[in-house]
Amino acid sequence: MEMEKLVALCKRRGFLFPSSEIYGGLNGFWDYGPLGVELKRNIREAWWHDMVTSHNELEVPPGAPSAYAMVGLESTIIMHPQVWKCSGHYDLFCDLMVDCRESKRRYRYDQLYGRWVQCQGRRIFVATEAVGQEAEQDTLQKALRFFNLRSRDAEDLQWLGPVQPLSQVQDLQQVLGPDAKTLGTLTPPRMFNLMFETYVGPVQDEASRSFLRPETAQGIFVNFKNVLDSTRVKIPFGIAQIGKSFRNEITPRYFTFRSREFEQMEIEFFCHPSTSRAWYEYWRNRRFQWYVGLGLSSDRLRLREHSPEELSHYSCGTADIEYAFPFLPPGEFGELEGIAHRGDFDLRSHMEGKLVRQGDQFVVELDEEGKPRYRGSGRDLSYFDDETREKYIPHVVEPSAGADRAALAFLCEAYAEDEAPDEHGVPQKRVVLRLHPRLAPIKAAVFPLVKKDGMPEIARQIYAELKPHWNVFYDEKGAVGRRYRRQDEIGTPYCITVDGQTLQDGTVTIRDRDSLRQWRVHQKEIVAQLNELLA
Ligand code: GAP
């Protein structure tokens with residue numbers, strides 16, 4: 001699938017628009033249009049339903065070490081600045097970036113690659129943001145331009161080795177920046193904190209400096225005790241939250257994949273340290289199956305366990321659920337969700353202050369005077385088990401998903417081009433979004449075959465009967481084949497048509513988007529049929 005086609009469809013049919021588009025857009029920000037907002041709501045609702053409200057805390061789910069409870073939370077986007085100091089985000093939530101003095105562009109250091117090339121007695125490193133085969137092409141074009149050569153002189157270029165990361169280059173004076181014409185215009189890499197800053201209250205000073213949350217997780221940790229004290233949950237249990245997060249990404253890219261404002265669906269699952277590994281494995285498999293159940297095919301979806309070197313500073317085990325997005329080079333996958341075993345790192349940080357690793361332990365980081373660098377809340381965030389009489393700091397397993405990345409993956413997976421017969425039985429090319437019925441923005445469309453003979457009246461009546469149950473759509477304009485195709489293109493799983501036979505026996509046709517099968521159902525049975533089909 002060519003990504004440009006999906007991007008065009010999203011714009012044309014109202015799934016996604018660039019934010020503030022009439023002013024030229026704002027890089028890294030996206031608005032969901034009338035269909036996009038339904039898709040995203042359906043993703044959120046499927047997640048909340050499957051993870052929280054439909055969860056039966058009295059039974060042990062398949063593969064789980066024991067029964068457990070799930071509750072929800074909605075915390076604020078702006079929190080006490082100390083939250084981010086103790087969590088480590090204030091000091092560590094950074095990417096390395098480089099600036100180009102010539103083009104004034106800024107790049108993520110880890111996303112710059114390039115190749116050494118020799119020509120006219122000079123040896124230079126041609127940097128690019130492209131990857132894979134595109135990187136080879138891009139460096140070739142840039143080298144030709146730099147040495148003032150034509151394409152047919154490409155043999156004059158002597159390439160010294162394959163594409164490699166810029167981080168392997170010692171001397172930046174020999175580097176040609178991705179958008180530069182002269183050598184040595186890239187600055188040495190420096191840290192850039194990804195948290196958006198703001199000020200709380202009328203005075204803008206250090207005391208009022210605050211941050212938009214870069215993850216929803218910390219809102220859960222700081223409410224751990226509140227949830228324990230206000231509900232009857234006992235460990236093991238999970239707290240779920242869906243909400244916006246903000247990261248001032250240096251290079252937002254790939255449509256909504258890396259945005260600056262996005263939505264997360266996170267669970268912090270609290271358990272006894274002795275069972276945390278088993279819970280980690282349970283959540284890892286459960287979350288993978290959730291995507292499969294909603295239609296992501298297993299050859300594009302994978303579960304990748306992190307190697308020990310890749311693990312975050314707090315984690316004893318992390319796996320990513322990844323999808324082979326079509327905008328990535330062949331063989332590359334993009335992260336949909338991370339499932340991390342975080343030990344007691346977060347609760348301890350909010351009790352004692354920011355932690356740092358010392359050998360295989362975490363200890364409170366101290367300043368020059370030997371005092372905690374960032375003081376914790378001082379609250380006791382441990383758990384007392386009144387059956388075993390044991391007091392301990394729970395371990396946490398965190399399945400952390402991105403709602404926008406899930407939406408993008410479902411859209412990419414759903415996009416297909418094939419043929420469907422029109423009203424005369426002649427095959428016509430169509431674009432179809434094979435979205436899972438739970439995710440489809442519109443569940444059914446109702447059409448009168450023609451705009452006469454009382455058909456519109458019956459169709460409108462059916463529409464009115466369905467509307468309280470589902471998001472359905474009424475359309476009487478144009479040839480019916482064209483109306484089918486318009487619905488196929490936005491993923492509507494069923495189309496209901498009122499025709500001549502309806503006038504005689506009260507039956508209508510239901511057409512299935514994927515199989516193109518059509519069958520007749522009495523008008524009184526439509527709600528029951530759709531209930532079955534959409535379950
Ligand atoms: N609390 C853990 C955490 O936030 P993360 O891997 O940084 O972990 C979790 O983020 C998920 O949030 C990612 O797997 C991804 O789906 C989504 N996400 C992260 N940054 C994003 C961005 N810039 N744009 C869109 N989604 C993003």
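Helices H2 and H8 are oblique to each other, and therefore that is where I start. Oblique here excludes angles under 35 degrees (roughly parallel), over 145 (roughly antiparallel) and 65 to 115 (roughly perpendicular). This is a predicted model: local features need pLDDT of at least 70, side-chain atom pairs need 80 or more, and totals for chains, interfaces and linings use all residues. Residues are numbered from 1 along each chain as its sequence is written, and side-chain values use heavy atoms, without hydrogens or water.

Now the numbers. H2 spans residues 34–53 and H8 spans residues 276–293. Their packing angle is about 140°, and the axes lie 12 Å apart. Axes are lines fitted to C-alpha atoms over the stretch in contact, with angles from 0 to 180 degrees between N-to-C directions. The crossing is right-handed. H2 contributes Ile43, Ala46, Trp47, Asp50 and Met51 to the contact. H8 contributes Trp283, Arg286, Arg287 and Trp290. Contact means heavy atoms within 4.5 Å. By class, the contact residues are six nonpolar, no polar and three charged.

Next, helix H1, residues 3–12. Which residues of H1 are buried? Met3, Leu6, Leu9 and Cys10 are (buried is under 20% relative accessible area, with a 1.4 Å probe and protein chains only). They cover an arc of only 125° around the axis, which puts them on the same side of H1. On the other side, Glu4 and Arg12 are exposed (over 50%).

What do the buried residues of H1 pack against? Strand S1 (16–18), helix H10 (403–414), strand S24 (415–421) and strand S25 (427–433). After H1 comes Gly14, with a positive phi near 80°.

Conventions. Helix = DSSP H or I, 4+ residues; strand = E, 2+ residues; numbered from the N terminus. Arc of directions from axis to C-beta. Left-handed = near helix turned anticlockwise from the far one by under 90°. Nonpolar A, V, L, I, M, F, W, Y, C, P; charged D, E, K, R; others polar.
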